[in-house]
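Look it over first, then follow the questions.

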Amino acid sequence: MSTRHRPAEHPALDVENISKFFHLPQPPLWKRLLGARVELPEPGELPAVVEGEKAPVAAVDHVSFRIERGEIFGVLGPNGSGKSTLIRLISTLLTADRGNAKIFGVDIRADEMGAKQMISRVSVDAAFFKKLSPMENLLYGARLYGVTGAEAKVKAYEILARLGLKRPTYTEPMEEMSRGMQQKVAIARAFLTSPILLLLDEPTTGLDPRSKREVRAFIEELRDSHDATILITTHDMEEADLLCDRVAVIHEGRLVATDSPAALKRSIASNGEQPTLEDVFMRLTGEKLVDHDAIEAARS
Amino acid sequence: MARNWHLTKRYWGWEVVWFFYSLTSGLSVVFIAQGAEALTGTAPGFDVQYLTMYLIIGTLVWRYLSNIFMLTSEVIAWERWEGTIEYTLMAPVRRWVHLVGQTGYSLIYSLITTLAIGIAMALFFELDLSGANLLGAGAVILAGSLSLIAIGIVASILPLLYPERGAQMTSVVVASFLLISGVYYPITVLPDWMQAIAVVSPVTFVLEGTRAAVLEGAGLSELWAYILPLLVIGVVALPIGLRLFRAAEQFAKRTGRLKRVG
């Protein structure tokens, strides 16, 4: 773990046994009206599929982990493994069926507003008002978080310049920008509000190698200069290896391992081989993290 | 509010287009009054000027109220469309502050654009407004705005829960108000069951109060009969609307409906 971490009274994020299920069989309406609840499955178990109904899904299945202040913590998993659902649960955009999370000791259920003040999230699809410019979008975001217009404007200019955006693009509609640029603005928007816990949901997916490098450098710089803790989901092993102090491997909604990238690699090393994080993932789950064959097939 | 102002500034050309569209569609409705005599023949007591004013008030008041309603309810539909709804809903801002802030723009925008169309219509038909109580009419309309904002907030639940169909469903609500509230005709011509609904519609109160102020020059004491129920409906409906929106938001968070983009 990095020496940048400082002891704190509470961990930056303490996730305990959090679970989210979809399409669980519902009791009849009359029973629900009388207070009957959906029966939640135990870890690793799911009820049988009812004919004509959607199959029950354990999107996040009894997940627990802890992130210390100043840490960059990666959640590694393929598409559909539960990474985004986990981020949504922590961001209060989804209500957990079981378990809870605390952000610097603040319970996200008991004090949702208090938790929201400490977090910001960047999603894989940089969502903006596309007819508005980066500057207008940043100002809107800043106002939502209670940052005054004048303060937001100064910070927005600083951050947009730092990201390498040319001045004329500040006032052009977002829809005219490349996806890489849009994603950079999304990260700028997150930092405009000075969150102390930043949730990055595949922030570099779909970016070209240069943009990926720039975004990574920006994340590290912001962690160091803003005293932020970062939870990042990715299926890019190189990214996880380079950026993260620790990574958790998630598979079918469950965490199967949590440690530093070096320790995870060491744990499966044998005969002097230098395993990669992808090797770790394959060993732990029996699957490839990124199915290159499927990608090639889709391209052709 | 700032976001919508930025959009209006950026696409001011569309505002000009909408102004002319609204003006011409309004004029075409009011010309029914001018053509009524030619269509049906002269009847004793038929007053073209009165009918013209009656339809102008209906056109303007309806435009104002439906604009407030649509802009308020479309706030969520736009966010769904752009995919920003999750970003907005995870911001540390109280829902009532968020929604009331969003409706502030709809109120100001609707007021300014409707006033401009009203002035253009008055000049076009050379209306004599010397006996009209315009301030009283304004008070009735503003009192009615509260209720429409509340109903707009409730309607915005539809695009929150149903990204693909929600926005269209709010249009059904607007069309129903148009039918039952006596926008272009007195509600007495409606079937009894529709009249029963019309008498609790805030739009009916606004239209009747505005017509009393403009056509009959009714004073504030007479207009109070319209303003008071409108304020009561507004004060009751607004917290109910906010509470319902909050409940819908919780439901969406429980069932994962915020993720889908329409």
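The dialogue below takes up one feature at a time.

Q: What should I know before I start?
A: This is a predicted model: local features need pLDDT of at least 70, side-chain atom pairs count only at pLDDT 80 or more, and totals for chains, interfaces and linings use all residues. Residues are numbered from 1 along each chain as its sequence is written, while chains are lettered from A and ligands numbered from 1 in the order in which they are written.

Q: How many helices and strands does chain A have?
A: Start with the terms. Helices (H or I, at least four residues) and strands (E, at least two) are DSSP runs, numbered from the N terminus. Chain A has 11 helices and 10 strands.

Q: And what is the secondary structure of chain B?
A: Chain B has 11 helices and zero strands. Read from the N terminus, its elements run α-α-α-α-α-α-α-α-α-α-α.

Q: What does the radius of gyration of chain B say?
A: The radius is taken over C-alpha atoms, and the globule rule is 2.2 Å times the number of residues to the power 0.38. For the 262 residues of chain B the rule gives 18 Å; the chain has 20 Å, which is close, so chain B is as compact as a globular protein of that length. Its C-alpha trace spans about 65 × 40 × 30 Å along the principal axes.

Q: Which residues of helix α6(A) are buried?
A: First, the helix itself. α6(A) covers residues 179-192. The expected span of a helix is 1.5 Å times one less than its number of residues. With 14 residues, α6(A) reaches 20 Å from its first C-alpha to its last, close to the expected 20 Å. It is mostly covered, with 12 of its 14 residues buried. Among them are Met181(A), Val185(A), Ile187(A) and Phe191(A).

Q: What do the buried residues of α6(A) pack against?
A: Packing rests on contacts: two residues are in contact if their C-beta atoms, placed from the backbone, lie within 7 Å. The buried residues of α6(A) pack against β6 (119-122), α4 (134-144), α5 (149-162), β7 (197-201) and α7 (209-226) of chain A. After the helix comes Ser194(A), with a positive phi near 50°.

Q: Where do the buried residues of α10(A) sit around the axis?
A: In α10(A), residues 277-285, Leu277(A), Val280(A) and Phe281(A) are buried. They lie on the same side of α10(A), because they cover an arc of only 95° around the axis. That arc is taken over the directions from the helix axis to the C-beta atoms. The buried residues of α10(A) pack against β3 (72-76), α8 (237-243), β9 and α9 (261-268) of chain A.

Q: In which sense do β9(A) and β10(A) pair, parallel or antiparallel?
A: Two strands pair if DSSP finds at least two bridges between them. β9(A), residues 246-251, and β10(A), residues 254-259, pair in the antiparallel sense over five bridges. Ala248(A) has Thr258(A) in β10(A) as its bridge partner.

Q: Which residue of the hairpin takes a positive phi?
A: Glu252(A), near 50°; the hairpin has two residues between the strands. Glu252(A) is partly exposed, because 17 C-beta neighbours lie inside 10 Å. In chain B, Glu126(B) also has a positive phi, of about 50°, although it is not a glycine. Glu126(B) counts as exposed, because it has 6 C-beta neighbours inside 10 Å.

Q: How many residues of chain B are in contact with chain A?
A: 20 residues of chain B are in contact with 24 residues of chain A. On the chain B side, α1 (2-10), α4 (85-89) and α11 (220-255) each supply at least two residues. The largest share, five residues, comes from α1(B).

Conventions. Buried ≥ 20, exposed ≤ 12 C-beta atoms within 10 Å, placed from the backbone.
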